[in-house]
Amino acid sequence: MIFGKLKDSLKKTKDAMDLKINNIFANKKEINEIIDSIEEMLILSDVGASASVKICDELREDLKKEMDKSEENIKKLLKDKLISILNVENVEENYTGKRVILVVGVNGVGKTTSIAKIANLEKENGKRVLLVAADTFRAGAIEQLDVWAKRINVPVVMGKEMQDPSSVVFEGAKTFSTSDFDLMICDTAGRLHNKKNLMDELEKMKRTIDKNLPGVKIDVYIVLDSTTGQNALFQVKSFFERTSVNGIILTKLDSTAKGGVVFSIVSELNIPIKYIGLGEKVEDIAVFDSKDFIDSII
Ligand SMILES: Nc1nc2c(ncn2[C@@H]2O[C@H](COP(=O)(O)OP(=O)(O)O)[C@@H](O)[C@H]2O)c(=O)[nH]1
Ligand SMILES: [Mg+2]
């Protein structure tokens, strides 16, 4: 995604941040006062208390040594701190082999839409993608992925309503292994009740993939809706603690001023953000880049 479009999509977050930052420098004179206000601004922007306090403690220390206490320099120091929070180890960057992504998350966060977006993106990168509609809890969910698959011209293995999701994944794995695919992305159910079942189901799907596609890399990405702010964090903590989620897809950043939630998610969970959703259209997605993200919001 081009930088200008990213910036436009993150405008709500940027405007909220800009307004607060400008107020800070317009009204505050003392350096300690300024940093206290920055801390407050970060917390109010959903950066989260612990990350905000850590950033501002470091900022205070830096500014004891630093002679240049101009608005410009303080902003620059702040941006550097924010970037360092987002730089979680990201080991899969150079991965070239076959892989599977299991996409999890509660209903309505944007799983199915994100799957279509990622499939389309990877297809444009020359990858052969297979989709698996294993959200068998609702017939509508299977149909929805099928509609997307047709639209982006990517094959899909479909389950039937109420079919065991692992058996759909099993069929997907068979198709994946007998053909020249690079990437298989599985949609899963996100119903909120019956937490234990949801996690057991996920573990079962992982075992099915392991058994039928030996040596294939399995990623589990959780989709989080940024408009829910700090609540997105609780969703990960309360529903997926036992599974090895290794990536985050953060959606709907176009429709919230709470983009700051990115920082609390990464600093609290220590899981990298892989993709960000920036609208409802198939091209409204970006591979997450911490520097581009920060340059777009401050
Ligand atoms: N504005 C906006 N809407 C999104 C984004 N991602 C998904 N949606 C919308 O969120 C709603 C739920 O999406 P869906 O993919 O069905 O969620 P699922 O239940 O997790 O599979 C749909 O109306 C999507 O169009 C995004 O990045 N931005
Ligand atoms: Mg869905």
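Guide: Buried means under 20% relative accessible area, exposed over 50%, and partly exposed in between, with a 1.4 Å probe and protein chains only. This is a predicted model: local features need pLDDT of at least 70, side-chain atom pairs count only at pLDDT 80 or more, and totals for chains, interfaces and linings use all residues. Residues are numbered from 1 along each chain as its sequence is written, and side-chain values use heavy atoms, with hydrogens and water left out.

Visitor: Is Ser296 buried or exposed?

Guide: Ser296 lies in helix α12, residues 290–297. Helices are DSSP runs (H or I, at least four residues), numbered from the N terminus. The relative accessibility of Ser296 is 0%, so Ser296 counts as buried.

Visitor: Which residues is Ser296 in contact with, leaving aside neighbours within four places in sequence?

Guide: Contact means heavy atoms within 4.5 Å. With those neighbours set aside, the list for Ser296 is Phe3, Leu6, Lys7, Leu10 and Lys14.

Visitor: How many aromatic pairs does a search of the whole structure find, and why is the pair of Phe288 and Phe293 tilted?

Guide: Rings of Phe, Tyr and Trp (its six-membered ring) pair if their centres lie within 6.5 Å; planes under 30 degrees apart count as stacked, over 60 as edge-to-face and the rest as tilted. The whole structure has 3 aromatic pairs. The centres of Phe288 and Phe293 are 5.4 Å apart, and this pair is tilted because the planes stand at 55°.

Visitor: Which residues do ring pairs link into a cluster?

Guide: Phe288 is buried at 13% relative accessibility. Phe293 is buried too, at 0%. The cluster consists of Phe263, Phe288 and Phe293.

Notes:
Chains lettered and ligands numbered in written order. Helix = DSSP H or I, 4+ residues; strand = E, 2+ residues; numbered from the N terminus.
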